[in-house]
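This briefing is for a reader who is meeting the structure for the first time. Please look over the sequence and the structure, then read the points below.

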Amino acid sequence: MKPIRTKRLALVPLSPAFLDALVEGSRGEAEAALGLELPPDWPDRHDLGFLRLRRDQARADPAREEWLPRAIALERRTIGHIGFHGPPGVNGPEKPGALEVGYTVFEPFRRQGYATEAVVAILRWAEAEHGVRHFVASVGPWNEPSLALVRRLGFRQTGTQWDDEDGKELVFELEIPTKGIAAPRR
């Protein structure tokens, strides 16, 4: 799989080889497989569990490999990660064909527009490559920057849910019109 490129960023697929090395604690091997420098304190316990889960899902179903998370890269450094919770339709029968997007930008790279740039790029990729026009984002009510981001991109709140790890989340959805994903509102 090729990286998704934006003006400033590359969204680099986290390959199974990278995930194996990282989960097994071989940072040097992981960085070599990814071709990027990793932050010294990443992954934390939460992200390690999430990356292990995605790796194991791809092992069980190789068709999921395309939907593995991607590193958000600025030059040769990993500044965050982005991806979908799985292939279209894993969000349940009430949202057939929808993709749920998730993202993290590490400190000190926040509040510089990187998350918005990465989210727009990955949504456009899913639309162009797979015809996906329905997206979901779940955001903690305390996460003001992410709430502002999804609203700026045109997501509308459609409900709430409980996440065993993150607690209460607000659920947002975006239906893409036939003319494609709009530029973010300022």
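Strands β7 (residues 156–163) and β8 run antiparallel and are joined by 7 bridges. Between β7 and β8 lie 3 residues, and the two strands form a hairpin. The model is predicted.

**Around strand β8**

**Overall fold**
- The protein chain holds 5 helices and 8 strands.
- Their order along the sequence is β-β-α-α-α-β-β-β-α-β-α-β-β.
- The protein chain is as compact as a globular protein of its length, because its radius of gyration is 16 Å, close to the 16 Å that the globule rule gives for 186 residues.
- Along the principal axes, the C-alpha atoms fill a box of roughly 40 × 35 × 35 Å.

**Packing and contacts**
- Of the 186 residues in the protein chain, 48% are buried.
- Among contacts with a separation of 6 or more, 59% are between residues 24 or more positions apart.

**Surface and charge**
- The protein chain exposes about 9900 Å², and carbon and sulfur atoms supply 50% of that area.
- There are 26 positive and 27 negative side chains in the protein chain.
- The centres of these two sets lie 8 Å apart.

Terms used: Residues are numbered from 1 along each chain as its sequence is written. This is a predicted model: local features need pLDDT of at least 70, side-chain atom pairs count only at pLDDT 80 or more; totals for chains, interfaces and linings use all residues. Side-chain values use heavy atoms; hydrogens and water are left out. Helices (H or I, at least four residues) and strands (E, at least two) are DSSP runs, numbered from the N terminus. The radius of gyration is taken over C-alpha atoms; the globule rule is 2.2 Å times the number of residues to the power 0.38. Buried means under 20% relative accessible area, exposed over 50%, partly exposed in between (1.4 Å probe, protein chains only). Contact means heavy atoms within 4.5 Å. Accessible areas come from the Shrake-Rupley method with a 1.4 Å probe; for residues, only the protein chains shown count as cover. Lys and Arg count as positive and Asp and Glu as negative; His and the chain ends are not counted. The place of a charge is taken as NZ of Lys, CZ of Arg, CG of Asp or CD of Glu. Two strands pair if DSSP finds at least two bridges between them.
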